[in-house]
Amino acid sequence: MTLKLKDTFSGIREFTPFSKSEVKMYTCGPTVYDYVTIGNLRAFITADILKKSIKYLGYKTLHVMNITDVGHLLGDLEDTEDKLEKSSRIQNKTVWEVSQFYSDYFFDAIKKVNIDVPDVVSKATDTVKEQIEMIQLLERKGYVYKTDTGVYFDVSKVKNYSELAKRDLNAQVSAVRDKVVLDKTKKSQWDFRLWQTAYPNHQMQWDSPWGKGFPGWHIECSSIIHKFIGNCIDIHTGGIDLIFPHHTNEIVQSKSAFGDPFVNFWVHNNFINVDGTKISKSLNNGYKIEDLENRGFNPISLRYLYMIAHYSSVINFTFDSLNSAQEALDKIYMYLKLNKGFYNKNASVDPVYKEKFVSAIENNIDTPSMLEVLWAVFKDENLNVPVKIATLLDFDKVFSFNFINYISEDKLPLDILKLVQDRKVARQNKDWVLSDELRDQISSKGFLVIDTDSDTIIIRS
Ligand SMILES: [Zn+2]
């Protein structure tokens with residue numbers, strides 16, 4: 001068997017990387033004008049599981065991601081506002097401060113759900129030179145035109161634009177028109193901005209052959225891919241909301257500049273709903289990782305919850321479902337904790353289960369089936385305990401549920417031991433308020449408290 005992966009545009013195909021030595025992946029990164037939510041995190045968890053699955057199958061990977069810290073306009077003209085500029089105005093900080101703050105926040109959040117930081121992370125503002133060069137190349141090839149407000153990509157120069165968009169563009173018009181202000185100087189409404197000029201109040205401005213201004217959103221991903229990987233990549237990931245226009249525009253501009261092929265596989269994850277509805281500012285249901293932690297959840301349980309469904313289907317997030325995910329994980333954690341004496345580094349992985357696990361991965365990263373194999377191992381009472389532990393740890397190379405933490409020796413720092421002791425006394429005195437306070441203090445220092453019937457277990461989280 002080999003890996004079969006679903007490409008958004010052509011369906012399930014056998015995965016063969018362009019280069020045998022390394023799988024080259026790109027992920028559209030966060031726009032750093034607000035806190036990353038559990039909704040946004042699904043895309044990054046999906047990319048992380050995909051990458052770790054590919055590594056598990058024996059490939060090396062090169063993973064690149066951008067940080068959108070400039071140019072995310074809601075429409076074409078100056079009467080629409082750049083999301084970063086808007087946050088900067090509301091918070092009375094510079095755009096650079098805003099983007100640094102939310103970027104730092106993003107990396108803290110992904111660490112909590114065990115997402116590996118990609119090998120290369122590039123801010124859009126660090127590649128403005130390359131973006132200008134790419135626009136110049138497109139200009140030399142006759143794909144762009146200039147208006148009073150900017151430089152645009154002329155989609156009429158690309159034969160299959162609407163086919164790429166895979167939707168009826170006309171039907172989209174009214175929906176989009178309500179939300180964004182279109183530049184009347186454009187030849188066609190689907191022409192997209194590569195460089196914005198005539199926007200004097202924008203804090204971020206660079207000199208360019210077309211005048212002072214700043215790049216559009218789509219061009220940064222194409223430029224960053226070209227700079228750090230080259231003309232073609234094996235896998236490009238992102239949420240399905242990015243398919244059109246962002247990824248369609250990446251495709252046309254990259255192929256027009258650098259030729260075929262550009263991306264071998266497009267992998268798009270679906271949305272999450274919260275309590276059955278879409279995440280929205282007005283409902284205030286775009287939870288952050290701290291919102292889960294403050295309710296006593298281990299952030300890793302979100303990772304587990306997202307794996308229960310395939311990345312291509314919608315997930316409904318509720319605190320009840322998160323609780324079930326956490327309870328499921330706690331069962332395994334507890335087992336590992338209680339059986340850590342049986343841990344043997346040299347024990348072998350069970351070959352039958354490993355084969356099933358590999359098959360599930362190869363079936364388009366079938367995470368529900370991967371979890372089924374995990375539970376089959378867990379429940380198999382005939383499996384020798386060291387082999388069971390070795391197999392769980394082996395699968396965790398993909399899952400990243402922190403299994404290893406539960407079998408390693410605990411050497412708790414003295415201040416934590418003191419808090420644990422105080423909490424034990426508080427619990428004996430049935431002082432639950434103090435006990436909860438002490439639990440919070442312990443977890444704020446990076447340790448997880450699990451109470452069992454007979455004992456309290458403290459684990460580095
Ligand atoms: Zn992108």
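Predicted model: local features only at pLDDT ≥ 70, side-chain atom pairs only at ≥ 80, totals over all residues.

Into which domains is the protein chain divided?

1. The protein chain is divided into three parts: domain 1 covers 4-269, domain 2 covers 274-409, and domain 3 covers 410-461.

2. Let's look at how domain 1 and domain 2 sit relative to each other. Their C-alpha centres lie 31 Å apart. In the contact between them, domain 1 contributes 22 residues and domain 2 contributes 24 residues.

3. Which elements each supply at least two residues of the side of domain 1 that touches domain 2? They are β1 (4-7), α1 (38-56) and α3 (95-112). Among the contributors, α1 has the largest share of this side, with ten residues.

4. Now to a sheet. Four strands form an open sheet, in the order β6-β7-β8-β9, with antiparallel pairing. The edges are held by β6 (144-146) and β9 (214-215), each of which pairs on one side only.

5. If you zoom in on one end of that sheet, strand β8 (residues 192-196) pairs with β9 in the antiparallel sense, over two bridges. Which residue stands opposite Pro 215 in β9? That residue is Trp 195.

Terms used
Residues numbered from 1 in each chain as written. Domains from an automatic or database assignment. Contact = placed C-beta atoms within 7 Å. Pairing = 2+ DSSP bridges.
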